[in-house]
Amino acid sequence: VEIELTYPAGVGTTDTPDVPALTPDPAVYLAGPVLENQPLQRPLDWEGLRTPDFRPGHREVKVEYVANDGSGIGAGTPITDSIVSRSPTTFLFPRRVYGSPLYAVGVTDSVAAQPHNVDNGATDYGSSSRLVTVTTGGGPSDSPLSGAGQTLCAVTYFAQDPLPNYGAAGGGYQVGLYYRTVAAATAGVQPGAMSVIPDPVSFRMLAVLGETWTAVVGKGSQDVPFPYANPMDYLPVNDDGTATFPGEWFFQGDAAVSVSDFAADTGLLRLHTFVQADVSEPLVLGNKSKDVEYRAFYAAAATPGGYRPSVAAQPLSGVTRHKAFTAALATPTDETSLYRRGEVVLLVFGEFLELSDQNAVVFPTTGTRSNVAVYDQPFRHPLRNLGCLTQPDSPARRSAPAERPPAPSTSPPGRTPTRGRTGFGRTSRTRAARTWRPPSASSMRAATTCRTRSRGHSRRSGARRPAAVRTAS
């Protein structure tokens, strides 16, 4: 008889462990990144604490200890039992077997009174299979058991058991685990106070992703999404203040996800966006908040003209609990406590959907479950460093003055042209470089109009570039 004990979703670790695990000094932390809070409450069969094992992609950790026969804490006395072998060479022990040079497993054929050596390579130490194999192909101690089928044997071993609920009520045995975790990446939550997040704040949209992502596998799922193990850990959830979102473990879908013409066991799909957000007007974000995972977001988004971002993609084949989200690059229009005007940040538009097949992000006036999260970027360069990007189809770009064609070069072949000879850096060209406008998704190809000279000079802005990153038309 085999009994499996499980626990409900949401009672694992509070955050998602990030592997590899911490490796503290073994001279100080004997069992790895774990501390015993109540050593005096150890079980009586205590022999030693095992290093915790974190499960990648899940909020689960395996905490076990080495158990003796119960004769006392640290007694070093193995468990003694009689087991009938499964075959002349293999056993299934009643408990998981701990294997170590200091805690050897003993097997004695009770019929022939012959000890046998254990094949360490073929024995599943610490595994739920509980398989133990004896060696063959040698002398009496390295040969099969005496029985042609099953054989009664006397065994000694130390068990590898999970930590029990042991000790005095309210003060029993406890341990503290230490691990790296995926941090809340939304801008402004690191200081610990929501007051540092500006509200409202205005952004000028630079470019919008042409795809919408849908994710169904969360921390409550048995599966792991592909190709990212924790895609939803970074995305906040807006439940409209109804407290219906208890945590990421609330998403418990399996990896099977499908639309009308495609299906995959990935738990994550990137779909073409049929209705895309407009980028022609500045977007004002407001009504800041944070979810139970301490991820900050804005629940309101609209332009001064009243437009609210709306994004829609192909629906799923059936209803499920999931997140839909898309992204955009933007720049603040004003100086704030977190952002400088001209810096580039990432905006992620998300929607919390329950029992729905829709993959859409909308911002209704009431009952919204949409949000916009702001993320810092490692390339928060001012816009003047992005002068080769253009947006000829935007109203602002169409009203910009025409650029003067570059002056012909008078430099001999192979020599670096100077500013005085070629006109690089003239007032008219410098002014043209500063009339940069954000690119739209349909005109990103215009970036290829930036040409460079043989020595790395930009013909559009006059900036010097390394030869390794030169572009060609």
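These are legends for an overview and a few close-up views of one predicted chain.

A quick note before the pictures: in this predicted model, local features need pLDDT of at least 70 and side-chain atom pairs count only at pLDDT 80 or more, while totals for chains, interfaces and linings use all residues. Numbering runs from 1 along each chain as its sequence is written, and side-chain values use heavy atoms, with hydrogens and water left out.

Overview. Helices (H or I, at least four residues) and strands (E, at least two) are DSSP runs, numbered from the N terminus. Of the 473 residues, 42% are buried; here buried means under 20% relative accessible area, exposed means over 50%, and partly exposed sits in between (1.4 Å probe, protein chains only). Take the contacts (heavy atoms within 4.5 Å) with a separation of 6 or more: 71% of them join residues 24 or more positions apart. The chain exposes about 24,400 Å², and carbon and sulfur atoms supply 53% of that. Accessible areas come from the Shrake-Rupley method with a 1.4 Å probe, and for residues only the protein chains shown count as cover.

**View 1. A cis peptide bond from D199 to P200.** Omega is near 0° here. Look for P200 in the loop between β13 (175-177) and β14 (201-208).

**View 2. A cis peptide bond from F226 to P227.** This one has omega near 5°. P227 belongs to the loop between β15 (211-215) and β16 (256-259).

**View 3. G218, a buried glycine in the loop between β15 and β16.** Its relative accessibility is 5%, so G218 counts as buried. Not counting residues up to four places away in sequence, G218 touches M232, E248 and F251. Check W249 as well: G218 and W249 are 31 residues apart in sequence, yet their C-alpha atoms are 6.0 Å apart in space.

**View 4. N287, a non-glycine residue with a positive phi.** The phi angle of N287 is about 60°. N287 sits in strand β19 (residues 283-290). With a relative accessible area of 49%, N287 is partly exposed.

**View 5. Y294, a non-glycine residue with a positive phi.** Phi is about 60° for Y294. You'll find Y294 in the loop between β19 and β20 (296-302). Y294 comes in at 28% relative accessibility, so it counts as partly exposed.
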